[in-house]
Amino acid sequence: MAFDGITIANLVYELKHTIEGGKISKIAQPEKDELLFTVKNLKQNYRLLISASASLPLLYLTDANKPSPLTAPNFCMLLRKHIGNAKILSVSQPGLERIIELKLEHLDELGDLCRKRLIIELMGKHSNIIFCKEDGTILDSIKHISAQVSSVREVLPGREYFIPHTVSKQNPFELTEEIFFKAVRSTPMPLSKALYNKFTGISPVIGEELCHLASLDGDISSNTLSDVELLHLYHTFCRMMEDVEKGNFSPNIIYQGSFFAAYSPLEELDDPEHSLSQMDWNEATPVEFSALPLTCFSGANYQARTFSSISPLLETYYSSKNTITRIRQKSSDLRRIVQTALERNYKKYDLQEKQLKDTEKRENYRIYGELLNTYGYELKGGEKKFTCINYYTGKELTIPLDPTQSPLENAQRFFEKYNKLKRTFDALNELTIETQREIQHLESISAALDIALQEADLVQIKEELMEYGYIKKRHTGAKRPKITSKPFHYLSSDGFHIYVGKNNYQNEELTFKVASGNDWWFHAKGIPGSHVIVKSEGKELPDRVFEEAGSLAAYYSKGRDSEKVEIDYIQKKSVKKVAGAVPGFVIYHTNYSLMAVPECKLQEVK
């Protein structure tokens, strides 16, 4: 899943045919590390999204708009001042670097033509958007990098821009046979790794693809190749670079899904008459994308989905990932609170278990006391131990004694120890049950955080944490946020409505308000997860509905990464609420069980 130099080359190719020569009409900064340009060219508007996020650097054309803050950030204001109506003279990529440079022309305050450079570096955590004069002097950047942060290069106003070369890599467009041979053989390492370590813009997946195209094992040592094998690899490499230079791209995403077995492996499915439904693509797992065909993925479970250009590919691939990343960032505080509380309760439970184990010997002390009361008359005093018959088992038992105490005093001492341990046992029994319940509650909240897809989903979770004292409640009179999150709603293959709770409050509402007595209730056995309700509408459910609902219950549980999950299911009328329990916690005494594969193959009803 690499935003590599070849993907950048494909983007540059697309931008040259769309926004090059156009004029920037709008500049927005929806996020602190993200820009959104509107460009007019050839009587058409284009939106260019640029993100320098450390976790998800992106650049692509999109139709979607994003809301901007009421007050524009300083970097956005600077760009509006200088290039708010600038013409994009050219779009270029130095070598095969993960860098895109826009050369811009605009009028300054005096009406004179000026040129500027906007440089977008898409380099993982080092990503940045840098605004420069024509001579390379940095005017500003979306991220300021001082000498304290990086010893390689400062990115600050007034500094000179240059591309840092921290690793010695060869430019793929300037290769000769001799340079290629020397680079590949220079260090003993797996062949595929040598390709992406020694040449600019090559990602691990492209390294594997090159080995596959050359019929070579990517795991063999690079310095063991014969001259013939290396020459064949060199020619394969050159052919790929020729395709990149000529713009012969074929953007595609490799998906994985068990239902792909019905199709030919890696079959291109752009033909509307012979394509998977959008539901199938949504259910498949994207495992890799590339601007070039990937033949190294083979097998019945893999399928290539091709795109007309690189931007819709990137938008498709990263839209869900970007949403999840942003939600995880916004939920990080809640996760930290839940995790801290869980760790504290885990430690408390372990300590209580150890203390409970120590109380197991309490019955021994009671028996010692009773036997001393029964046989103590045989003692003369001063003994350190006493052996007698244990009338509970009929076997001999040796009792340790305090020689300074009488038999009666020894018996009394054992009874006192027994009573103390019994009180401890009774108290700890209640405490461990309370701790277990709190752990289960927190684990259910953790599971709800895992399936949260929108900010609205986090609101109810935060409310629950506030209600149970994990987060300090708001001051009296503060306005409560509006709850807009709703349960997942699916339609089964046979037309039955299935609802899935996203958190404990929704689980409670689904089970005891939405579901009627003859509706069916599903839940993963023994692990935190969502309540799943199937509305039966007085009809008998087909077996397929039970399987689909079971799969949803498995998917929306802590067991979603398992191959199969055991699911309990029962009619709702047999599910009871525990008095005083936290939301979503129920009991049932008789139930059916099934083994389900965690997957979500149904179309969600909006």
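Start by selecting Leu-42: this residue counts as exposed, at 73% relative accessibility. Here buried means under 20% relative accessible area, exposed over 50%, and partly exposed in between, with a 1.4 Å probe and protein chains only. You are looking at a predicted model, where local features need pLDDT of at least 70 and side-chain atom pairs count only at pLDDT 80 or more, while totals for chains, interfaces and linings use all residues. Residues are numbered from 1 along each chain as its sequence is written, and side-chain values use heavy atoms, with hydrogens and water left out.

Leu-42 sits in the loop between strand E2 (34–41) and strand E3 (44–51). Helices (H or I, at least four residues) and strands (E, at least two) are DSSP runs, numbered from the N terminus. Check the backbone too: phi of Leu-42 is near 55 degrees, a positive value in a residue other than glycine.

Next, click on Lys-43, which lies in the loop between E2 and E3. Lys-43 is not a glycine, yet its phi is positive, about 60 degrees. Is Lys-43 buried or exposed? With a relative accessible area of 91%, Lys-43 is exposed.

Now go inside, to Gln-303 in strand E12 (residues 302–306). The relative accessible area of Gln-303 is 0%, so this residue is buried.

Time for the cores. A nonpolar core is a set of buried Ala, Val, Leu, Ile, Met, Phe, Trp, Tyr and Cys residues joined through side-chain atoms within 4.5 Å. The largest one has 84 residues, and Ile-6, Phe-180 and Leu-233 have the most contacts inside it. Colour helix H6 (residues 227–246), which gives the most to this core, with seven residues.

Then centre on Ile-6. Leaving aside neighbours within four places in sequence, Ile-6 is in contact (heavy atoms within 4.5 Å) with residues including Leu-96, Ile-202, Met-240, Phe-249 and Leu-292. For a second, separate core of 26 residues, select Ile-451, Tyr-490, Phe-522 and Leu-541, which are among its members.

Finally, zoom out. The protein has 14 helices and 22 strands, and 47% of its 606 residues count as buried. Along the principal axes, the C-alpha atoms fill a box of roughly 115 × 65 × 55 Å.
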